[in-house]
Amino acid sequence: MLNIKNLHVQVDGTEIIKGLDLAVNAGEVHAIMGLNGAGKSTLANTIAGRADYEITSGSIQFKGKDLTAFEPHERVGEGIFLGFQYPVEIPGVSNLNFMRTALNSVRKYNGLDAMSAAEFMKLVRAKASELKMDPEMLKRFVNVGFSGGEKKRNEMVQMALLDPKLAVLDETDSGLDIDALKTVAEGINTQRRSDTAVLLITHYQRLLSYVQPDVVHVMIGGKIVKSGGKDLALELEEKGYAAVV
Amino acid sequence: MQPDMLEKYEDQVWALAGLMSGTEGLRMHALKAAAEFGLPTKSAEPWRYSNVRALRETVFTPAVAAKSKPALPGVVVAEASARFVFVNGRFNEDLSDMGDLWQAAQVRPLANHLMSNIARADELVRGKDAITCLNTALMRDGMVLSVPAGVEIDDPVEILHITTDNDKAGCHLRHVIELGEGASLTLLERYVGDESGYWTNSVLQARISEGARFQHIRLQEEGGKALHTAKTFVNVDANASYRATNINIGASLSRFEANVRLLVDGASTVIDGVALAATGQSHDTYTHIDHLMPSTTSAQIFRTIADSRGKTSFQGKISVEKDAQKVTADQSFKALVFDKTAEANAKPELEILADDVKCSHGATIGALDDQAIFYLTSRGIEPATARRMLVEAFTADALVGVAFDDIKTALMERISDWMAERASTLDTQE
């Protein structure tokens with residue numbers, strides 16, 4: 001599904017990703033672990049197409065297409081979802097309006113009719129309830145005044161609504177208490193199907209107790225230096241990065 | 001003003017005095033005063049952000065009557081109590097619809113009002129600057145609307161101004177609104193026009209008696225080459241309120257001035273506004289709220305957006321007189337600029353002589369939030385839609401006071417349309 005070859009990425013003229021290779025197949029969950037500054041978030045932002053992340057060489061293929069040919073919003077239509085480490089607060093825009101506009105934009109991209117307000121309300125209420133989000137939060141402005149956990153829960157509701165083929169979750173587990181962590185894990189596990197893939201970017205092994213990855217990668221200095229099964233995450237936690245790689 | 005320009009306007013004054021006998025004294029005095037004040041230059045502090053050189057260099061001829069029936073613009077208020085249409089500065093009875101308003105209120109065109117009762121001319125604001133004085137000297141028509149005590153007009157009254165084919169010609173309009181004790185009225189004042197280089201110079205004066213409520217919505221969508229200068233003078237009595245929302249979208253240069261005097265305890269005003277300046281446009285708003293008595297309140301929310309080489313300006317003066325204790329006055333101005341060539345100016349001015357008052361003011365100028373745009377696009381929303389959502393959110397605070405949903409929707413649509421027109425230029429910037 002996702003095939004990255006020899007990727008080099010610069011931000012403000014500084015090379016952050018220095019020759020990264022990664023292949024993620026449908027039905028798989030991959031975890032990318034690494035210390036701060038390893039380039040994990042840069043990878044997530046590059047996949048999402050954020051401006052200022054300049055690909056100097058290498059390629060990113062998604063479902064056999066050159067992903068870099070698509071604008072950020074088009075990538076969502078193609079089936080990519082980026083879960084933010086720090087979801088952005090948008091005063092004046094209601095969560096409901098935001099989510100409905102997002103869903104209908106993706107539907108439009110895929111040649112589907114817009115969902116009616118009534119149908120959308122039913123869907124979003126169901127998703128919020130599955131992810132234990134207070135329905136009142138749907139009426140509030142996007143992420144404004146939300147706690148860290150509420151913001152991440154909100155990300156999971158958006159993911160469930162958009163139902164992506166590939167979810168790239170950038171430190172979605174950071175700053176969560178155990179209840180919120182479990183909810184987020186449930187959200188990810190629900191999204192885990194034979195036709196979808198998940199790329200989890202994380203500092204800690206903690207989330208991986210609830211979401212079992214198929215492959216664990218260690219990222220250091222802008223490259224993947226080691227890959228292995230789920231035991232690699234435990235080993236990292238126990239012995240530290242220096243000992244493992 | 002140059003003496004030769006004065007002479008040229010003098011001919012216009014005599015022509016109007018001939019049309020409305022008894023007004024010559026009022027007009028000639030006003031013209032003399034206009035000459036003494038002189039048309040403003042940028043060195044005059046309240047005019048530092050607007051260049052009205054065109055007015056100093058050109059004698060605008062009297063607007064001529066439209067040769068044919070002009071097209072009416074789209075409906076803003078679905079159910080109006082009455083619609084008064086002025087074409088090229090003249091009341092047009094055929095296009096107007098009096099509705100049932102005449103049963104509840106006194107309504108008459110200014111020309112009739114002046115001719116039948118010249119003593120009432122003394123109640124007209126004469127002005128303390130050249131542009132208002134010129135309005136007094138050259139006013140040709142307008143609406144005089146009196147709502148008797150206790151009468152509440154539920155549906156809005158619309159005054160629509162249309163100007164067509166009037167290059168280098170001026171329309172000087174004067175509207176007078178009087179609300180008796182406990183009366184209420186919503187007025188939608190609209191300006192539209194074609195691409196001729198005309199000048200609209202409009203003055204609206206209002207007296208709001210004790211306990212009365214006046215909601216005033218101004219929608220300025222003049223043609224792209226027009227000059228628009230407008231002033232409102234409002235006196236607010238005890239426990240009465242004046243609530244205004246000013247939208248400036250059209251004209252090459254617009255200058256809107258609101259002078260509100262809170263005369264008696266409990267008087268209040270809310271003056272909000274949105275201005276959208278496209279390339280080459282300038283919108284200047286000047287407000288002066290005078291708190292003369294204790295326990296009067298005012299609040300202002302202005303939101304403006306300037307595209308490349310567009311300019312928006314806001315000057316907000318608040319005076320609190322010596323005995324006016326327990327006054328609350330808030331002012332908030334926020335501007336968005338799309339690039340480095342766009343300009344936004346903010347100048348709050350507080351003149352507070354009382355010691356027990358609560359006054360606040362804030363001004364911010366910035367760009368659209370890139371992080372928010374990326375967040376929205378990362379959920380599949382097109383960049384143009386993302387920007388529109390952010391702009392709608394940005395301007396929403398300034399539209400809160402519009403109590404009619406149809407009017408509010410129409411105003412929001414105009415803001416969205418304006419953003420849609422900018423979509424292609426903004427996309428290429430990214």
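Student: Is A:Ile220 buried, partly exposed or exposed?

Tutor: This is a predicted model, in which local features need pLDDT of at least 70, side-chain atom pairs count only at pLDDT 80 or more, and totals for chains, interfaces and linings use all residues. Residues are numbered from 1 along each chain as its sequence is written, chains are lettered from A and ligands numbered from 1 in the order in which they are written, and side-chain values use heavy atoms, with hydrogens and water left out. Buried means under 20% relative accessible area, exposed over 50%, and partly exposed in between (1.4 Å probe, protein chains only). With a relative accessible area of 33%, A:Ile220 is partly exposed.

Student: Where in chain A is A:Ile220 placed?

Tutor: Strands are DSSP runs of E with at least two residues, helices are runs of H or I with at least four, and both are numbered from the N terminus. A:Ile220 lies in strand E11 (residues 215-220) of chain A.

Student: How many residues of H6(A) are buried?

Tutor: Helix H6 of chain A covers residues 148-162 and has 15 residues. H6(A) is largely enclosed by the rest of the structure, because the buried residues number 13 of the 15.

Student: Which residue follows H6(A), and what is its phi?

Tutor: H6(A) ends and A:Asp163 comes after it. The phi of A:Asp163 is positive, near 45°.

Student: How many residues of strand E7 of chain B are buried?

Tutor: In a regular strand the side chains alternate between the two faces of the sheet. Both faces of E7(B) are covered, with B:Cys171 among the buried residues on one side and B:His172 among those on the other. For E7 (residues 169-179), the buried count is 11 of 11.

Student: Over how many bridges do E7(B) and strand E9 of chain B pair?

Tutor: Two strands pair if DSSP finds at least two bridges between them. One bridge partner of B:Leu179 in E9(B) is B:Ile208. E7(B) and E9 (residues 199-208) run in the parallel sense, and the bridges number 10.

Student: In E7(B), which residue is the bridge partner of B:Val144?

Tutor: Strand E5 (residues 143-147) of chain B pairs with E7(B) in the parallel sense over 4 bridges. The partner of B:Val144 in E7(B) is B:Val176.

Student: How far from B:Cys133 is the nearest cysteine sulfur?

Tutor: A disulfide is a pair of cysteine sulfur atoms within 2.5 Å, and the count over all chains is 0. B:Cys133 is in no disulfide, and the nearest cysteine sulfur, that of B:Cys171, lies at 19 Å.

Student: What is the relative accessible area of B:Cys171?

Tutor: B:Cys171 is in no disulfide. B:Cys171 is buried, and its relative accessible area is 3%.

Definitions and conventions:
The expected span of a helix is 1.5 Å times one less than its number of residues.
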